[in-house]
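The following note sets out numbered remarks on the structure shown below. Please read each point beside the model.

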Amino acid sequence: MISFLLPIARQICVFFTLLLYFTFTNTNSALAAKESSDLLKQPVAEITVSLGNSANELKFEPNNLELVAGKRYLLHLNNPSQLKHYFTAKDFADGIWTQKVEAGKVEIKGAIHELELKPGAEAEWVLLAIKPGKYGLRCPIPGHTEAGMTGEIVISP
C-alpha cells in the first residue's frame, strides 16, 4: 500500500516545490521591476561637461566629476572647439546603467563606452551611477590625452 502512494507523494512534492519557486521568482521580479521603476522616477542631477573649448584647448571642463551611487544623472556633453573629441571612460561605463544617450534626433539605449563629439556637437547621457570607485576619463585621439585631455569620475557610495 505504501509503495503505491510514494509516486503520488513525489508528484505532490514536485508540484509544491515548483509552486513555491514560481511564487518567489515572480515576487522578486515584481520587486526588481518596482525598484527600477522607482529609480527612473527620481529626478536627475544635471552636469555639463565641455570637451575642449572655443580656444581649442585640449581639456575637459570640468575634468573631475563627483557622482553618488544610486542617483540618476544627466550629463550634458558639448564640444565648443573646432576639433572632434571623445568622452572615453570605459571602466566608468561598466559601473553605471545607461538609460539613454540623445544626440540630435537619435536616442541610443544600451551599454555605451565612448562618445565622439564632432565640432559644435551636443549630446545628453542619462545614467544611473551604480558601482562606487574612481574612473579615468580621457580623449584617446593621438596627442589629446598627452596634452592633458584627461579627468576623473568618482562614484561615492
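1. Arg72 and its surroundings. Beyond its neighbours within four places in sequence, Arg72 is in contact with Leu39, Leu40, Lys41, Gln42, Pro43, Val44, Ala45, Gln99, Val126, Leu127 and Leu128, contact meaning heavy atoms within 4.5 Å. Arg72 belongs to strand β4 (residues 72-78). Helices (H or I, at least four residues) and strands (E, at least two) are DSSP runs, numbered from the N terminus.

2. Basis of the model. This is a predicted model, in which local features need pLDDT of at least 70 and side-chain atom pairs count only at pLDDT 80 or more, while totals for chains, interfaces and linings use all residues. Residues are numbered from 1 along each chain as its sequence is written, and side-chain values use heavy atoms, with hydrogens and water left out.

3. The charge of Arg72. A salt bridge is a side-chain nitrogen of Lys or Arg within 4 Å of a carboxyl oxygen of Asp or Glu. The Arg72 side chain does make a polar contact with the side chain of Gln99, at 3.0 Å. Such a contact is a pair of N or O atoms within 3.5 Å; within protein, one must be able to donate a hydrogen and the other to accept it, and residues adjacent in sequence count only if both atoms are side-chain atoms.

4. Salt bridges. The count of salt bridges is eight. One of them joins Glu57 and Lys59 (3.5 Å, N to O); Glu57 is partly exposed at 38% relative accessible area, and Lys59 is partly exposed at 31%. Glu116 pairs with Lys118, their closest N and O atoms being 2.9 Å apart, and Glu116 is partly exposed at 34% relative accessibility.

5. A charged network. Lys100, Glu102, Glu107 and Lys109 are linked by salt bridges into a network. Within this group, Glu107 and Lys109 meet at 3.1 Å, N to O. Glu107 is partly exposed, at 41% relative accessibility, whereas Lys109 is exposed, at 58%.

6. Nonpolar surface. Leu40, Trp97 and Ile130 form a nonpolar surface patch of about 280 Å². Patches are made of residues with over 30% relative accessible area and no salt bridge, like charges being joined within 9 Å and nonpolar side chains (Val, Leu, Ile, Met, Phe, Trp, Tyr) within 5 Å. Trp97, in strand β6 (residues 96-103), is partly exposed with a relative accessible area of 40%.

7. Backbone geometry. The Glu61 to Pro62 peptide bond is cis, with omega near -5 degrees; Pro62 lies in the loop between β2 (60-61) and β3 (64-68). Asn56 is not a glycine, yet has a positive phi of about 60 degrees. Asn56 is found in the loop between β1 (45-51) and β2.

8. Overall organisation. The protein has two helices and 11 strands, in the order α-β-β-β-β-β-α-β-β-β-β-β-β from the N terminus. Of its 157 residues, 30% are buried. Among contacts with a separation of 6 or more, 76% are between residues 24 or more positions apart.

Terms used:
Areas by Shrake-Rupley, 256 points an atom, 1.4 Å probe, with all protein chains shown as cover. Buried < 20%, exposed > 50% of the residue type's maximum accessible area, 1.4 Å probe, protein only.
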